[in-house]
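Please look over the sequence and the 3D structure below. The briefing that follows takes them topic by topic.

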Number of protein chains: 2
Amino acid sequence: MSSGSVPAVAAADAAAGHPSSVAADSRSGWLDTIFTGDCVAALERLPKASVDAIFADPPYNLQLEGALMRPDQSKVDAVDDDWDKFASFEAYDAFTRAWLLACRRVLKPNGTIWVIGSYHNIFRVGTILQDLGYWTLNDIVWRKSNPMPNFRGKRFTNAHETMIWASRSREVRNYTFNYEAMKAFNDDLQMRSDWLLPICTGGERLKNGEGDKLHPTQKPEALLYRVLLSSTNPGDVVLDPFTGTGTTAAVARRLGRHFVGVERDPAYAEAARARVAAVEPAPSEGLVLQRPKRAEPRIPFGALLEAGLLAPGTVLTDARGRHRAIVRADATLESDGVVASIHRMGAIAQGLDACNGWTFWHAHVDGELQAIDVLRTIVRREIAAAS
Amino acid sequence: MSSGSVPAVAAADAAAGHPSSVAADSRSGWLDTIFTGDCVAALERLPKASVDAIFADPPYNLQLEGALMRPDQSKVDAVDDDWDKFASFEAYDAFTRAWLLACRRVLKPNGTIWVIGSYHNIFRVGTILQDLGYWTLNDIVWRKSNPMPNFRGKRFTNAHETMIWASRSREVRNYTFNYEAMKAFNDDLQMRSDWLLPICTGGERLKNGEGDKLHPTQKPEALLYRVLLSSTNPGDVVLDPFTGTGTTAAVARRLGRHFVGVERDPAYAEAARARVAAVEPAPSEGLVLQRPKRAEPRIPFGALLEAGLLAPGTVLTDARGRHRAIVRADATLESDGVVASIHRMGAIAQGLDACNGWTFWHAHVDGELQAIDVLRTIVRREIAAAS
DNA sequence: AAACGCTCTGAATCTCGCG
DNA sequence: ACGCGAGATTCAGAGCGTT
């Protein structure tokens with residue numbers, strides 16, 4: 001992992017076709033780089049299955065007509081850029097299919113993709129994602145704490161945008177989701193599919209020479225922080241095919257992730273490179289997340305007997321003493337003549353199909369009734385200390 | 001308007017083809033009726049352009065596989081009904097296109113449609129709505145205050161569903177949106193596109209003989225209350241092509257709207273009819289909404305000076321006295337050398353993009369600090385009295 | 001009687017590694 | 001690829017019985 005080093009943010013004109021700019025067998029030519037050019041052409045030059053995650057903020061195809069005035073007659077600075085103009089839904093669909101296909105090629109088998117949009121485009125994006133074989137994991141609603149009001153009073157205040165989070169295909173189960181970290185992030189409650197965050201304003205919003213916003217749709221770093229924290233690991237490669245002002249790349253670098261960006265507009269691309277170069281990555285020790293229990297070394301129940309923490313003949317009960325079983329020397333339990341593992345015996349006792357014996361069965365430890373999971377923790381600590 | 005009368009909730013088998021059950025030139029045969037049958041067949045028997053609004057809760061095509069257990073090993077009662085099974089996305093799309101087309105025929109030119117769904121189906125619904133010519137007005141997020149958790153810790157808690165609100169076509173401008181009523185409903189703030197509401201539980205949830213839920217996906221009445229209050233008027237006709245247990249019809253009747261329902265399952269249809277028959281409509285005088293402000297004459301700020309209600313040189317402040325500005329004779333405000341309208345000055349003072357100066361700026365009226373909107377009301381009354 | 005604890009349930013695309 | 005078994009995993013609110 002090279003998160004501490006300065007990224008190579010030099011320009012590389014992928015669309016113009018310089019073969020040397022993208023090495024087919026190495027990441028050295030394109031990692032931590034923001035390319036100037038069309039994203040489909042640029043992605044075709046990246047190796048297959050080379051990125052861990054994708055965050056895409058494509059044109060929304062807003063289809064605005066005429067200017068929108070505020071109640072005080074000031075003009076709303078709308079998204080009227082050429083890159084957001086499409087001749088028809090069909091043209092937008094073809095564009096969407098093309099870049100989502102190109103993304104699918106460079107995405108690792110267990111990688112995931114995020115796409116953000118509004119009601120103007122997100123339904124078409126979602127449909128095409130499904131049609132291409134991506135498998136939706138969640139749709140996440142970004143609730144804006146400070147949305148633009150509806151000036152005409154003809155609709156509800158459009159106060160949110162939608163992100164779709166999808167794996168590469170239905171069969172994938174080992175995609176990255178830092179469940180425990182997000183739960184801790186959210187005051188020990190599961191992170192929900194609705195996130196309340198302010199829009200990008202103030203010092204975070206990049207300005208042009210005249211002090212106006214540089215880019216019409218710059219996303220807040222807090223949004224990308226949650227996205228990358230939840231679905232990537234330090235050292236992962238994050239691709240943003242519509243880099244814009246480089247929010248994804250900046251947050252990726254801050255969080256010790258690698259990035260690859262593609263941006264069509266040279267001015268945006270240059271601003272993004274300068275922005276990313278100024279980012280100070282977090283120290284790697286700050287990026288360590290709560291380790292999920294699944295990742296802990298497996299301890300067989302017998303290890304508790306070997307360690308002398310439990311003796312054969314000990315009586316185990318459930319938390320309320322309604323069920324009891326005796327520990328045998330071979331690390332099985334016996335109850336009413338039945339012999340089984342701690343898990344099976346817990347299931348049998350409750351009449352269920354399955355049971356986690358570690359948390360179901362209790363023993364007296366230091367005079368207190370405690371789950372045998374506590375003893376497993378002791379064994380794990382001893383193993384960690386010895387190695 | 002016949003909201004006070006008992007609706008005709010007798011069954012009518014539209015699918016079986018009784019011509020007498022639907023009169024082509026009168027509403028007497030089908031108004032306030034819940035039909036048993038397939039919705040496309042039933043809608044083809046309704047007159048063209050005959051309903052003011054549609055609320056549709058179609059199958060979501062969940063594509064579940066296997067059983068899901070809670071951590072305590074109890075089984076989640078999943079939606080595994082035949083009506084939610086589709087052979088492919090193509091089959092679901094064909095189904096969706098068919099009923100949305102049938103809906104479009106019976107919808108009045110200025111009518112609107114609501115469709116609710118989850119990430120499993122809503123993208124496809126939204127795409128097809130657009131392809132058929134409907135024009136999206138908003139997507140509304142129903143944030144559930146008490147969603148089912150994610151039991152395996154593999155995704156974000158799926159804590160919301162999405163509703164799409166669309167007009168019949170892009171050109172329509174005179175659709176019903178009770179902007180002021182929704183604003184009043186929301187403590188005088190514009191109603192946003194994210195609504196926090198609990199799921200349907202407790203006494204509101206219809207039960208079968210065994211005390212289990214009668215229908216797997218009954219929607220809360222509060223959701224339909226907001227939908228119908230915002231986008232329909234008393235006396236309007238509301239169609240629900242997937243009536244289920246009749247939540248739409250029940251709330252429509254309570255709010256003095258007419259309804260038409262179609263439900264395929266005879267048991268659900270019968271339960272819905274009984275439910276609706278028990279609904280007591282609200283008294284019609286309770287259904288009068290806040291008069292739209294746009295119908296009020298526009299009063300320029302200068303009119304307050306002309307009327308002598310404010311004098312040049314008067315100091316205005318915000319409600320808490322943190323910002324101040326001086327009224328000039330030309331009806332602009334001045335503060336720290338900056339001159340601007342009441343609205344712009346309010347925005348500048350707060351560092352925001354926009355501000356309603358009428359409610360932001362306050363003056364001492366009869367010794368009390370009050371919003372200058374109070375003075376506008378006085379001017380309006382005088383104008384009304386003079387004419 | 002109010003408080004408390006236990007049980008039940010809701011549109012859900014919900015494990016993983018080893019043999 | 002498939003079967004097997006270890007063992008990891010939940011929030012809000014209603015309802016009901018006990019303290």
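This is a predicted model: local features need pLDDT of at least 70, side-chain atom pairs count only at pLDDT 80 or more; totals for chains, interfaces and linings use all residues.

A polar contact is a pair of N or O atoms within 3.5 Å; within protein, one atom must be able to donate a hydrogen and the other to accept it, and residues adjacent in sequence count only if both atoms are side-chain atoms. Residues are numbered from 1 along each chain as its sequence is written, chains are lettered from A and ligands numbered from 1 in the order in which they are written, and side-chain values use heavy atoms, with hydrogens and water left out.

**Annotated domains of chain A**

- UniProt positions are given in the numbering used here, feature names are shortened, and annotations may be inferred rather than shown by experiment.
- An unreviewed UniProt entry places "domain: DNA methylase N-4/N-6" at residues 51-272 of chain A.
- Over residues 51-272, chain A is 27% helix and 22% strand, and the end C-alpha atoms lie 20 Å apart.
- Helices (H or I, at least four residues) and strands (E, at least two) are DSSP runs, numbered from the N terminus.
- The UniProt annotation "domain: RAMA", also from an unreviewed entry, covers residues 291-382 of chain A.
- Over residues 291-382, chain A is 30% helix and 23% strand, with the end C-alpha atoms 18 Å apart.

**Asn138(A)**

- Asn138(A) belongs to strand E4 (residues 135-144) of chain A.
- Buried means under 20% relative accessible area, exposed over 50%, and partly exposed in between (1.4 Å probe, protein chains only).
- Asn138(A) is buried, because its relative accessible area is 1%.
- Contact means heavy atoms within 4.5 Å.
- Leaving out residues up to four places away in sequence, Asn138(A) touches Met163(A), Ile164(A), Trp165(A), Tyr119(B), Arg155(B), Phe156(B) and Asn158(B).

- Helix H3 (residues 122-131) of chain A has nine of its 10 residues buried, so it is largely enclosed by the rest of the structure.
- The buried residues of H3(A) include Ile122(A), Phe123(A), Arg124(A) and Leu129(A).
- Just after H3(A), Gly133(A) takes a positive phi of about 105°.
- His120(A) sits in the loop between strand E3 (107-117) and H3 of chain A.
- Is His120(A) buried or exposed? His120(A) counts as buried, because its relative accessibility is 15%.
- The side chain of His120(A) makes a polar contact of 2.7 Å with the side chain of Ser118(A).
- Beyond residues up to four places away in sequence, His120(A) touches Tyr60(A), Asn61(A), Leu62(A) and Gln130(B).

**DNA strand C**

- A residue is near a molecule or strand if one of its heavy atoms lies within 4 Å of it.
- DNA strand C is surrounded by 41 residues, and the closest are Arg70(B), Tyr119(B), Arg152(B), Lys154(B) and Arg205(B).
- Of the atoms of DNA strand C within 4 Å of the protein, 48% belong to sugar or phosphate and the rest to bases.
- An N or O atom in the side chain of Lys154(B) is 2.7 Å from a phosphate oxygen of DNA strand C.
- A backbone N or O atom of Pro149(B) is 3.3 Å from a base nitrogen of DNA strand C.

**DNA strand D**

- Which of the 29 residues around DNA strand D come nearest? They are Tyr179(A), Lys183(A), Arg298(A), His343(A) and Arg376(A).
- Sugar and phosphate make up 62% of the atoms of DNA strand D that come within 4 Å of the protein.
- Phosphate oxygens of DNA strand D lie 2.5 Å from a polar side-chain atom of Lys183(A) and 2.8 Å from one of Arg298(A).
- Helix H4 (residues 179-185) of chain A gives the most to the surface near DNA strand D, with three residues.

**Helix H11 and Thr377(A)**

- Thr377(A) is found in helix H11 (residues 373-386) of chain A.
- Thr377(A) is partly exposed, with a relative accessible area of 37%.
- The side chain of Thr377(A) reaches the backbone oxygen of Asp373(A) at 3.0 Å.
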